[in-house]
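Please look over the sequence and the model shown here before reading on. The paragraphs that follow start from a single side chain and then turn to the strands.

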Amino acid sequence: KETAHFMTRLNFGNLGSSMEVPKDCKILTGQMEINKGYMSQLKERLSLLITGQVIFKSDLEPEDIENYFDFLHVVGQVFCPKKLMPVIQSKGNITGQIFSYSDHAKILIGKLKLDEHFLKSLDENTSLFITGKLEMLDEIDLELFDKKVKNIQIVGKGITREEYAEIFNRKLENRTACKIE
């Protein structure tokens, strides 16, 4: 607010929008992961403007968002557990997409090759949330897959063998942000 009057003196070409942010607002670009450990290190309430991806981890509670954020604006994608969706939508200003995942999902970013080794590393009934690309092309034990994978959410692309399509589609939760090949 202290410098808002200077905006009229600036000559902008092709300015799409502007916004007022608090004086102590931290501006970040890229990918940010916010978890309980990050929040516990904060010495004061936080004002953030983030351009990029923000991942809120499932160890957070709605009170953490309420208690630690004065201002939250995201231009980009937000990924959060379902339990945080209401408080993030009410507390934050999201310009972009917001995706919720199962509260205790295993979050994987980038390219995931779902094979026997990966399946064996999972606990039973694991929920998977993948942003990026999931490849299920290697030969796998379908009983093991059925036992280990509770459900799959993909923001991006999923590629599977034709013989796995039926079980893959049964496990797939959200098809709106996912392209299947």
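Which backbone oxygen lies 2.8 Å from a polar atom of the side chain of Lys83? The oxygen belongs to Ser58, and the pair falls within the limit for a polar contact, which is a pair of N or O atoms within 3.5 Å, where within protein one must be able to donate a hydrogen and the other to accept it, and residues adjacent in sequence count only if both atoms are side-chain atoms. This is a predicted model, in which local features need pLDDT of at least 70 and side-chain atom pairs count only at pLDDT 80 or more, whereas totals for chains, interfaces and linings use all residues. Residues are numbered from 1 along each chain as its sequence is written, and side-chain values use heavy atoms, with hydrogens and water left out.

Lys83 is found in the loop between β3 (69-81) and α3 (85-91), where helices (H or I, at least four residues) and strands (E, at least two) are DSSP runs numbered from the N terminus. Because its relative accessibility is 24%, Lys83 counts as partly exposed, a class that lies between buried (under 20% relative accessible area) and exposed (over 50%), with a 1.4 Å probe and protein chains only. Leaving aside residues up to four places away in sequence, Lys83 touches Ser58, Leu60, Glu61, Pro62 and Asp103, contact being heavy atoms within 4.5 Å.

The strand β3 also belongs to an open sheet of four strands, in the order β1-β2-β3-β4 and with parallel pairing; two strands pair if DSSP finds at least two bridges between them. At its edges stand β1 (26-34) and β4 (93-101), each of which pairs on one side only. Inside this order, β2 (residues 46-56) and β3 run parallel and are joined by ten bridges, with Ser47 having Phe71 in β3 as its bridge partner.

Strand β6 (residues 126-136) is mostly covered, since nine of its eleven residues are buried. On to β7 (residues 149-160), β6 pairs in the parallel sense over eleven bridges, and here Lys133 has Lys157 in β7 as its bridge partner.
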